[in-house]
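Please view the sequence and structure first.

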Amino acid sequence: MLFQISPALSDTFGYRVEISTPITSWKKAVEGVNLWRQGTNPYDSDIFHESPLGLITYDYLLSHFPDWLPLVFAICDLLTATVLAFVAEQYLYKSIEMEKKQKVPESASSLVLKWSDVNWVPLFVAILYLMSPFSVLSCGGRSTVTFQNCLIAHFMLFTILGCWTFASIILAMLSCHTLYHVTLIVPLAMYIYQTSGNNKTWKIIKVWTSVSTFAVAAATLIMIFRKVTGSWQFLWSTYGCILSVPDLTPNIGLFWYFFTEMFEHFRIFFLCTFQLNVFIYTIPLAVRLRKDPFFFLFIHLFIITIFKSYPCIGDVAFYLALLPIWSHLFYFMKQKFIVCCVMASCTLLAPTLWHLWIYSGSANSNFYFAITLVFNTGQVFLLTDILSAYVKREYYLEKGVKYNEDGTLELMRLQ
């Protein structure tokens, strides 16, 4: 409500590079809608880079709820938090039921999930998403990542509930809007295969149906976009912008500084190398995390946030809110304190270094890039730490555990 009372404060946050990127800026969304209303194709300029799906949505909101936009963003965040809480409840319930059927050595029985140990998680997930400074600032700054997060939450919900047709359609909408999420078809297919009974033929049919639904929905949306905009120009202005990274406005990602300094004749090679990071880990992780496709989905969202070309703190807020679902892995994590300190200090220092660079002139771009590099390093540490914790717990549940003389668990060290 603070942002609704003070539109100036909302606009101030909306201009922050950590909150709004060339892809998620509400100001650019409004400019794109105004161009479209005047009969000008918004994709003919370098202003609007979101998909026509976003263009249609924002036009509807600006036409019907122009005075209630802060409330619309707040309701969207509240809906996302509610959906994530339900996702957490369903996933943990299924995980508990699955581990009850698993043969676990007696020494590892204390590691088996019990509902009494995690019944607080759904509420904590919702509170963490709503109260996280990252999501609060994204909502207040009207970053359009708010709507993207809502779509991802519903995709996860329909996946966990077994409504795979709806999950495939929402994933097609996400992929046509942000491109990187096309890789989530892999964990979706894995989850469908594992939860479709024991008939192998029936499993394959369900997977094929869902993948086909995704492909048909995506193709249909692209054709609708072509009809709405009147040309294929939107392909280059949206997906071309995401992949070629022409706008080097600073953000919390890794691309902008590197390609500002890059010699032009090396640009394509390193651009392909950077973009490959989102996709190259899909198959190895799918193989290693094949027993838990939903955890794989979470890890891949993590990877997309780190390596996408235009990330913002709203992306970070989404996966951080999901962390309590795997709170049973925290005991096995070794870098929790370091990661918390790194991310907290970077969050506080980034605006300071930006001010020193842009307004005071007493610093340069190296200062701001250094803090974004450390922030991303902290995210990588968190990612590797939770992956190693998952592997350790999986090993203990299969092989049993040993205890120290003081009764604490003897943790293995991955070499």
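What follows treats the annotated spans, then the ring contacts.

## Basis

This is a predicted model: local features need pLDDT of at least 70, side-chain atom pairs count only at pLDDT 80 or more, and totals for chains, interfaces and linings use all residues. Residues are numbered from 1 along each chain as its sequence is written, and side-chain values use heavy atoms, without hydrogens or water.

## Annotated spans

An unreviewed UniProt entry lists "transmembrane region" at several spans, including 68-92 and 151-171. UniProt positions follow the numbering used here, feature names are shortened, and annotations may be inferred rather than shown by experiment.

Residues 68-92 are 96% helix and 0% strand, with end C-alpha atoms 36 Å apart. Residues 151-171 are 90% helix and 0% strand, yet their end C-alpha atoms lie 8 Å apart. Helices are DSSP runs of H or I, at least four residues; strands are runs of E, at least two; both are numbered from the N terminus.

## Aromatic pairs

The whole structure holds 42 aromatic pairs. Rings of Phe, Tyr and Trp (its six-membered ring) pair if their centres lie within 6.5 Å; planes under 30 degrees apart are stacked, over 60 edge-to-face, the rest tilted. Tyr 180 and Phe 279 form a tilted pair, 6.3 Å centre to centre, with 40 degrees between the planes. Tyr 180 sits in the loop between α10 (164-178) and α11 (185-194) and Phe 279 in helix α15 (residues 267-280), so the pair ties together parts 99 residues apart in sequence.

Tyr 180 is buried at 2% relative accessibility. Phe 279 is partly exposed at 32%. Buried means under 20% relative accessible area, exposed over 50%, partly exposed in between (1.4 Å probe, protein chains only).
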